[in-house]
Amino acid sequence: QKTNGHMEPMNWAVSRRNFQMSAGAIAFGISQSGTTYPTVWAARLLSRLQDLPQLFALSGDFDTVLASSIGQSLQTSSFSSNLFSTLSGVRPAEPSTLATMAMHHTLTRLLLFLPAYLQESRLV
């Protein structure tokens, strides 16, 4: 395949041609570094679907390849809070204990927040 600094995974069992998601679907990509190839490729694949699902991502920092893959950038005014950060930053080795604990803490806080928010806003 042609590579101009951007590769596409072409050996997946699921491709753009045969992958479908229901309306209102939510996708959540998780990568400490924000550059894990399968996660970034999946985010890019999902962002190109005609019925765009609601894409979210969690990484150790806001300025990552994963962030741009879901269309989030701190440099633009269209930043829509679909990107979460553990604030653990870039780690020299992955997975590190700090990064793992930060990811666990962030996901736990999100899990506790969502039901309370949905109940408070009467969405359920």
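Trainee: What makes up the largest nonpolar core?

Mentor: Eleven residues in all: Ala27, Val40, Ala43, Leu46, Leu49, Leu55, Ala57, Leu66, Ala67, Ile70 and Leu83. A nonpolar core is a set of buried Ala, Val, Leu, Ile, Met, Phe, Trp, Tyr and Cys residues joined through side-chain atoms within 4.5 Å. The elements giving two or more residues to this core are α1 (37–47), β2 (54–59) and α2 (65–69). The largest share, three residues, comes from α1.

Mentor: This is a predicted model, where local features need pLDDT of at least 70, side-chain atom pairs count only at pLDDT 80 or more, and totals for chains, interfaces and linings use all residues. Residues are numbered from 1 along each chain as its sequence is written, and side-chain values use heavy atoms, leaving out hydrogens and water.

Trainee: Why is threonine 108 called partly exposed?

Mentor: Its relative accessible area is 32%. Buried means under 20%, exposed over 50%, partly exposed in between (1.4 Å probe, protein chains only). Threonine 108 is therefore partly exposed. This residue lies in helix α3 (residues 97–120). Helices (H or I, at least four residues) and strands (E, at least two) are DSSP runs, numbered from the N terminus.

Trainee: What makes β2 and β3 a pair?

Mentor: Two strands pair if DSSP finds at least two bridges between them. β2 and β3 have three bridges, in the parallel sense.
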